Amino acid sequence: MASFGFQLLKRTLGNRSAAARFFSSAPYTPIRATLFPGDGIGPEIAESVKQIFKAAEVPIEWEEHYVGTEIDPRTQSFLTWESLESVRKNRVGLKGPMATPIGKGHRSLNLTLRKELNLYANVRPCYSLPGYKTRYDNVNLITIRENTEGEYSGLEHQVVRGVVESLKVITRQASLRVAEYAFHYAKAHGRERVSAIHKANIMQKTDGLFLKCCREVAEKYPEIKYEEVVIDNCCMMLVKNPGLFDVLVMPNLYGDIISDLCAGLVGGLGLTPSCNIGEGGIALAEAVHGSAPDIAGKNLANPTALLLSGVSMLRHLDLHDKADKIQNAILNTIAEGKYRTADLGGKAKTTEFTNAIIDHL
Amino acid sequence: MASTARSSSTLLKRFLATRLNQSRSVTYMPRPGDGAPRAVTLIPGDGIGPLVTGAVEQVMEAMHAPVYFEKFEVHGDMKAVPPAVIESIRKNKVCLKGGLATPMGGGVSSLNVQLRKELDLYASLVNCFNLPGITTRHDNVDIVVIRENTEGEYSGLEHEVVPGVVESLKVITKFCSERIAKYAFEYAYLNNRKKVTAVHKANIMKLADGLFLESCREVATKYPGIKYNEIIVDNCCMQLVSKPEQFDVMVTPNLYGNLVANTAAGIAGGTGVMPGGNVGAEHAVFEQGASAGNVGSGKEVEEKKANPVALLLSSAMMLRHLQFPAFADRLETAVKRVILEGQYRTHDLGGTSSTQEVVDAVLDALN
């Protein structure tokens, strides 16, 4: 009898503490997110991100995964099946720089992620960092690039000696998908204009199909202005007056070039955030710079790119107030100029920079 | 007293002599008969084309340059370039043209591209440089972009596989890659340029751009005095907007060349001022440097405010090509003086002048 009572007591106490946990937590339950720290400077900057997110009380629980040292036969690459399943389950992830090991018999890491998670759009917000002066001020644009097909289909062959053909494939499905995402993003973030970049005067059927899909989607969003710009004009306008553009949506190759051009306008790949969107609402934010093995482990790396990518991830999760808080802290720290890492012209260490951001929160 | 007077007068004479000889170029010894007027095919084109080619005609007449123009009407919505025009260019070997607008996705292939393929004008050249007087964000820009003009992504071979799936072929051949690489190095050699950079995306398009790079490397070994390096196209664009002074001559396949040329033109002052042209083994067509398909907005045509500088500088290149260097120098000096003075500038350079006002200023500056 007593033991029965004891069991009952334990069970109710257990339940109550569970209930207490449920009701006393923050308005959001902790969201699980996959974190790939990556190689080289990856682990240091990932640590920086974790500290800042904790200090800002962001309700995210990180699940860390590392690139393996041997090829996983289930994925044909160094990324394990568990890592991929984790991203699929959690639906959000943050990825640091990964150095692709050289060799044959396996797919590149980025290609694996892209194909397995069906990451169809690459979103790169480019805005001038106040306090870090480049030749261009007031840059504020987003580039959205189709990530799966186009010129990067990888379908090449040698016809006869000295003649090579490479296929560029554009499908209605992929173009519609990325156009939908572009307009949805523009609406969700209060952007006014979407520009489709193309070369349809020369590549009439392929880029023509892309434009047709963009026009169809544009009709569904009458409040957003839509325009089409030929890519050579776009390049020229971007370097003369980047303020002319708002959201840019483009097929794969043009997107690659234009998004790197825009990164150059604001200060380079070391400061640029990026986010890959996959089917079913998966978002994998990543830092697009290299793993910089020469400064790995020396506490000299600049975590800004990974931090801003984390901010994009928060925006994707609709945690806009936290995202704004962290972004403002980062921008204020850089604007103040007291703590800047070596690549921005300062002398601070990664940890000092991180602490300065936490102070600004 | 007399000696100082004499020495001061010699000083004065020497001073005047240097000032008068300032604009005289290096002596060029022509062959007898070289001064006979040469025929040049002129295609005014669409949009602002007639306006800017008209500007060139006026300046040529004012200079009494030994060229006369055979004008032909060609418009971008024609099915093909009329055979009479092609005949004329084959006869004259040199052509000057305004832009031809291509209707978007309209099933008509671009006439600009057609002309280049028909005449095998395999090299397209754009010279992007800072013009003194135009402030830009970047200084020390002096880039020549040499772009393969006949194959690559502009092969025009597209087809719909099934409804909703379209394929486009990009063709790269060793023959074309080799000849453009040879042209690029030869250009660098003849124009005293120190470095040639090949722009590619061979990490993704391993076979196609790999073949292009292979050809460039082979030709580079034949010019040991010229530095050669390679750069991936996305990194190239990023470097162009941050450190353009590192580039000298750039050789690229077709599509990347288009983008790089426009980006370089943009950082150096805009496509309204950059000269350029297309050249093949036998013919040369001079046109606005970058963005030849851009015929300007309707407003520019109406208000007659198109920028004639690009086509004027291209026509100076044409005069040099025809071996009339003194006329080319005079034209370039006049145009550069007008830009430096800054009083007459069209809208894209930040001014409010019309085309005719700029032309009048150039005519005044000619000596």
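Reader: Taking a salt bridge as a side-chain nitrogen of Lys or Arg within 4 Å of a carboxyl oxygen of Asp or Glu, how many does the rule find across the interface of chain B and chain A?

Author: The rule finds 1 salt bridge across that interface. This is a predicted model, in which local features need pLDDT of at least 70 and side-chain atom pairs count only at pLDDT 80 or more, while totals for chains, interfaces and linings use all residues. Residues are numbered from 1 along each chain as its sequence is written, chains are lettered from A and ligands numbered from 1 in the order in which they are written, and side-chain values use heavy atoms, with hydrogens and water left out.

Reader: Which side chain meets A:Asp256 in a salt bridge?

Author: That of B:Lys201, at 2.7 Å from N to O.

Reader: Which elements of chain B each supply at least two residues of the side that touches chain A?

Author: They are β6 (158–162), β7 (165–173), α6 (208–221), α7 (233–242) and α8 (254–268) of chain B. Helices (H or I, at least four residues) and strands (E, at least two) are DSSP runs, numbered from the N terminus. The largest share, 9 residues, comes from β7(B).

Reader: How many residues of chain B are in contact with chain A?

Author: 55 residues of chain B are in contact with 48 residues of chain A, contact being heavy atoms within 4.5 Å.

Reader: And what is the area buried between the two chains?

Author: About 4400 Å², with carbon and sulfur atoms giving 64% of this area. Buried area is the accessible area (1.4 Å probe) that two parts lose on being put together, summed over both. B:Arg137, B:Glu158 and B:Met238 supply 15% of what chain B buries against chain A, more than any other three residues.

Reader: Changing topic: which residues of helix α11 of chain A are buried?

Author: In α11 (residues 350–360), A:Thr350, A:Phe353, A:Thr354, A:Ala356 and A:Ile357 are buried. Buried means under 20% relative accessible area, exposed over 50%, partly exposed in between (1.4 Å probe, protein chains only).

Reader: Why are they on the same side of α11(A)?

Author: They cover an arc of only 160° around the axis, so they fall on the same side of α11(A). The arc is that of the directions from the helix axis to the C-beta atoms.

Reader: What do they pack against?

Author: Against α2 (42–55), α9 (304–316) and α10 (320–336) of chain A.

Reader: Back to salt bridges. Which residue does B:Arg179 meet?

Author: B:Asp120, at 2.9 Å from N to O. The pair links distant parts of the chain, 59 residues apart: B:Arg179 is in helix α5 (residues 174–190) and B:Asp120 in the loop between α4 (111–118) and β4 (123–129), both of chain B.

Reader: Is B:Arg179 buried or exposed?

Author: B:Arg179 is buried, at 14% relative accessible area, whereas B:Asp120 is partly exposed at 32%.

Reader: And which residue does A:Lys50 form a salt bridge with?

Author: With A:Glu47, the closest N and O atoms being 3.9 Å apart. Both lie in α2 of chain A, 3 residues apart, about one turn of the helix.
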